[in-house]
Amino acid sequence: MSDWKQKRFWKEAKACEAEAGFTVELDGRRVKTPAKAALVVPSAAMAEAIAAEWDAQIEGINPETMPFTKSANAAIDKVANQHEEVADMLADYGDSDLLCYRADSPQELVIRQEQGWNPALDWADQTLGVRLDTRTGLLHQRQDERALAILRQGVHALNNFQLAAFHDLVSMSGSLVLGFAAAQDWRSADEIWRISRLDETWQEEQWGVDDEAKATENLKRTAFLHAKSFYDFS
């Protein structure tokens, strides 16, 4: 979106219907992506969110205040052109899922991981038909091939817009299971985010809060919550 750093030139941003979806018009002119593709999104809600971002620009256009626009651009200009590669990359998280690698001490952390993470793995078993195995330590151990194949199929079934959002749900949390759990409303996005930060929260309790790390985490949390909203509009 670097090409878009210019002054506001329109009076009205409006969501409207388009061929095969919805788009946004600026004074009747349809918005395009940075790659000059038509900005056509799958739902009226998403188009309205994008239009609101454009309407909120005052003088100069600030892409950092336009997360729905940026996500839609990514879905159209990037994910659509490499859907298989993106899906494979995210599916690979299943074989090294955050929830499966457990501490062997101290006991309080062991218990906290069991209480925080086991319900998510149980949900995946009941809802996705996948039971991932846990292990202690950081040494990689391959998960069951059938389970990984089911998860991979689920990722590949997502459309371009869902996959763009799913990318952040998985990469921000470090867990393919939590990505699916957020997408399918197992619990609120904020609660799932807290579950993904269990180890970091434990470290903060032991050693105190690092202001820089906390600021970075807050940015990631905001991105995670946005990704859930974008997914829901997809």
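**Entry 1: helices α6 and α7**

I began with a helix pair and noted that α6 passes α7 in a right-handed crossing. I record here that the model is a predicted one. Two packed helices are described by the angle between their axes and the distance between the axes.

I then listed the residues that make the contact. From α6 they are Phe166, Leu169, Val170 and Ser173. From α7 they are Leu176, Leu178, Gly179, Phe180, Ala182 and Ala183. Sorted by class, this contact holds eight nonpolar residues and two polar ones, with no charged residue.

How many residues of α7 are buried? I found eight of eight, so α7 is largely enclosed by the rest of the structure. The buried residues run through Leu176, Val177, Leu178, Gly179, Phe180, Ala181, Ala182 and Ala183. I next asked what covers the buried residues of α7. The cover includes α6, described above, together with α3 (83-91), α4 (107-128), α5 (145-156), α8 (189-196) and α10 (211-233).

**Entry 2: the sheet**

I turned to the strands and found an open sheet of three, ordered β1-β2-β3, with antiparallel pairing. β1 and β3 each have a single partner strand and stand at the edges, so one side of each has no neighbour in the sheet.

For β2 (residues 21-26) I checked burial: five of the six residues are buried, and the strand is mostly covered. I then traced its pairing with β1 (residues 13-18), which is antiparallel and rests on six bridges. Within this pairing I noted Glu17 opposite Phe22 of β2, and Ala18 opposite Gly21 of β2. The hairpin of β1 and β2 has two residues between the strands, and Ala20 there takes a positive phi near 65°.

On the β3 side (residues 29-30), I counted two bridges to β2, again in the antiparallel sense. Glu25 has Arg30 in β3 as its bridge partner. β2 and β3 also form a hairpin with two residues between them. In that turn I recorded a positive phi of about 50° for Asp27.

**Entry 3: Asp232**

I located Asp232 in helix α10. Is Asp232 buried, partly exposed or exposed? Its relative accessibility is 45%. Because exposed requires over 50% and buried under 20%, Asp232 counts as partly exposed.

**Entry 4: the whole chain**

Lastly I collected the overall values. The secondary structure of the protein comes to 10 helices and five strands. The C-alpha trace spans about 60 × 40 × 25 Å along its principal axes. Of the 234 residues, 43% count as buried. I also took the contacts between residues at least 6 apart in sequence, and 62% of these join residues at least 24 apart.

Key: Residues numbered from 1 in each chain as written. Predicted model: local features only at pLDDT ≥ 70, side-chain atom pairs only at ≥ 80, totals over all residues. Heavy atoms only, no water. Buried < 20%, exposed > 50% of the residue type's maximum accessible area, 1.4 Å probe, protein only. Helix = DSSP H or I, 4+ residues; strand = E, 2+ residues; numbered from the N terminus. Pairing = 2+ DSSP bridges. Left-handed = near helix turned anticlockwise from the far one by under 90°. Contact = heavy atoms within 4.5 Å. Nonpolar A, V, L, I, M, F, W, Y, C, P; charged D, E, K, R; others polar.
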